[in-house]
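Subject: Structure handover

Hello,

Here is the structure I promised to pass on. Please open it alongside this note; my findings follow below.

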Amino acid sequence: MRKLVLLIVAGLAVGALFGQMMMAVPGYWLIRVGDTSIQTSFWFGLVLLFAAFVVLHFVLRLLSGIIRPMGRFRSWNSRARNRRAMQRTVRGLVALTEGRWKKAEKTLANAADDSSTPLVNYLSAALAAHYQGNHAKSQEHLNQAQLSTQGADTAVGLMQAQMMIERQQPEEALAILNRLDKKLSNHPQVLKLLKQVHVSVNDWEGLRRLIPRLAAQKLISQSEREQLEFKAYRELIVFEAKNPTNVERVRGLWADMPDYMRGNTELIAIYCEALIQANEEFIAERLLNHSLDHHWDARLVKRYGLLKVDPARQLAKAEKWLQERPNDPELLLTCGRLSLRTGKWEKALEYFEASQRQRPNGEVCAELARLYASMGEHNKSQLYYRHSVEMLAKSLPSLPQPSDAGDSQTPDTKAAKKHA
C-alpha cells in the first residue's frame, strides 16, 4: 500500500515536471517530403517516436519467435546426423583394426559427408582399399580426403608415400617425400620415410646427406647413426672405386667421413684398394703405416705386404713391427713377401717357415712351395703343395664323391658288376 502511494506521488511529480517542461519548451517537429509536410508539437512527436520504437521492438520479437524454431530444427537435425556419422566412423575404425577391409571402407566412406572429421574417414577408407589391393579406389579416397579438409596435403602425402612403399614402388614414394620435404623442412615422419626409401633403393648419397638431419631431430640413436654412416660410406666408396678415374670423388668421401670412421678397418681396406686401383700406392702406404701404428689388423698388414712401393723401406717398417709382434703369422708372411721383393731369398724362407709354425696356413704353404721349387728343392716344394691343397680341401663344402659311392654299393651289386 505504501509502495502504491509512493508510485502515485512519484507519477504525479513526474507528470507535473513534464507539464512544466512542455510549458517551458514549446518546440515542434516539421517533416517535409516533396510538397507534403507534417508538423506537430515537439512533445507529441516525442511520444510518437517512443510508441514507434515499442511497436518495432515487439514486431522483431514476433519474427524471431517464428524463425527460431526452424533454425533449432536444422541445428538438431545436423547434430543428429553428425552423431550417427560418428557412430558409423567408430564402427568403421573398429572394422579397419580387425582387418575387415571391405566393411571398413564402405562404412567410413559413407559416413564421411556427415562426419565432423571427414579427413579421418577418407584416409582410413583409402587405407582399407589399399589393403584390398584396390589401388584406384584408394587413390580416389585420398583425393576426397584432400578436398574435404583445408591443409590436408601433408597427411594425404604421407599416407600416399607409405602406401607406395608397401607396394614396392619406392621411386614414386621418393618423389612424394621430396616434395613434402621441400615444403616442410625437417618434418619427423617425412625424414623417417626418406631414410627407409633411400635404403630400399640403395640411394647411399641421399642417405649420407640425410643422416645429419635425422640425428639433429633425434630420430635415430647414436648406434643407428654409426651403422647408417658406415653402410653409406662403404657402398659409395666401393661404387666410385669401380672406375679409377673417380679417385677424386673417393678422396672427397674419405675427407667428408666423420673422424671416428677413419679408424674402421674395413673402410681403410676399401679405401686403400681404391687408391691402389688408381695407381696411388704411395698414399695407400702412408695410410696403412698410420693405421697399423694405431690399429693392428691382420688384413691390413697382409695388404701392406702386397704394395709395390719401396720394398726395402716397407721391409724395414715391417721388421720394426715384428719387434713388438714376433709371433704374428700375418706379419711374418708380409715380411717374407717383402724379403722376396728385395731379393733376400733365405730370409724370405725363414719368415715363411716361421709363419707356418705359428699357424699352418694354405697361403703360406703355397708361398713355401713356390719358393722351394724356384730354389730347385722339388721334394720340399711338392710337400708344401700337398699341404696347401689339403688345407684348401678342408675349407671345401662336404659333397658326395665317387669313392663314397663305390663304398656304399652292396656286395650283390659288386658281384653282378664283376660277373658282367
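H17 and H18 make a left-handed crossing. Keep in mind throughout that this is a predicted model.

**H17 against H18**

H17 covers residues 345–358 and H18 covers residues 362–374. Their axes come within 9 Å and cross at roughly 150 degrees. An angle over 145 degrees counts as roughly antiparallel, and H17 and H18 therefore run roughly antiparallel to each other. On the H17 side, the contacts come from Trp-345, Ala-348, Leu-349, Phe-352, Glu-353, Ser-355 and Gln-356. H18 answers with Val-364, Cys-365, Glu-367, Leu-368, Leu-371 and Tyr-372.

Two residues of this pairing deserve a look.

- Gln-356 sits in H17. Its relative accessible area is 12%. The cut-off for buried is under 20%, so Gln-356 is buried. Beyond its neighbours within four places in sequence, Gln-356 touches Asn-361, Val-364, Cys-365, Leu-368 and Met-391. Leu-180 is 176 residues from Gln-356 in sequence, and the two C-alpha atoms are 61 Å apart in space.
- Glu-367 belongs to H18. Glu-367 is buried as well, with a relative accessible area of 8%. Leaving aside neighbours within four places in sequence, Glu-367 is in contact with Leu-333, Arg-337, Leu-340 and Phe-352.

**H18 against H19**

H18 also crosses H19, which spans residues 378–394. Here the axes come within 8 Å, at roughly 160 degrees. H18 and H19 are therefore roughly antiparallel to each other. The crossing is left-handed. From H18, the residues involved are Gly-362, Cys-365, Ala-366, Leu-368, Ala-369, Arg-370, Tyr-372 and Ala-373. They meet His-378, Lys-380, Ser-381, Tyr-384, Tyr-385, His-387, Ser-388 and Met-391 in H19. Cys-365 of H18 and Met-391 of H19 take part here, and both also contact Gln-356.

**H9 and its bend**

Now move back along the chain. H9 runs over residues 204–216, 13 residues in total. From first C-alpha to last, H9 reaches 19 Å, close to the 18 Å expected at 1.5 Å a residue. Where does H9 bend? The bend is at Leu-210, by about 35 degrees. A proline, Pro-212, follows within four residues.

The buried residues of H9 are Trp-204, Glu-205, Gly-206, Leu-207, Arg-208, Leu-210, Ile-211 and Leu-214. Which helices do the buried residues of H9 pack against? They pack against H8 (188–200), H10 (222–241) and H11 (247–256).

**Positive phi values**

- Asn-186 lies in the loop between H7 (170–183) and H8. Its phi is near 65 degrees, a positive value in a residue other than glycine. Asn-186 counts as partly exposed, at 26% relative accessibility.
- Asn-202 lies in the loop between H8 and H9. Its phi is positive too, at about 55 degrees, although Asn-202 is not a glycine.

Best wishes

Technical notes
Residues numbered from 1 in each chain as written. Predicted model: local features only at pLDDT ≥ 70, side-chain atom pairs only at ≥ 80, totals over all residues. Heavy atoms only, no water. Helix = DSSP H or I, 4+ residues; strand = E, 2+ residues; numbered from the N terminus. Expected span 1.5 Å × (residues − 1). Bend = angle between axes of the 7 residues up to and from the residue. Buried < 20%, exposed > 50% of the residue type's maximum accessible area, 1.4 Å probe, protein only. Contact = heavy atoms within 4.5 Å. Axes fitted to C-alpha atoms, helices over the stretch in contact; angles between N-to-C directions. Parallel < 35°, antiparallel > 145°, perpendicular 65-115°, else oblique. Left-handed = near helix turned anticlockwise from the far one by under 90°.
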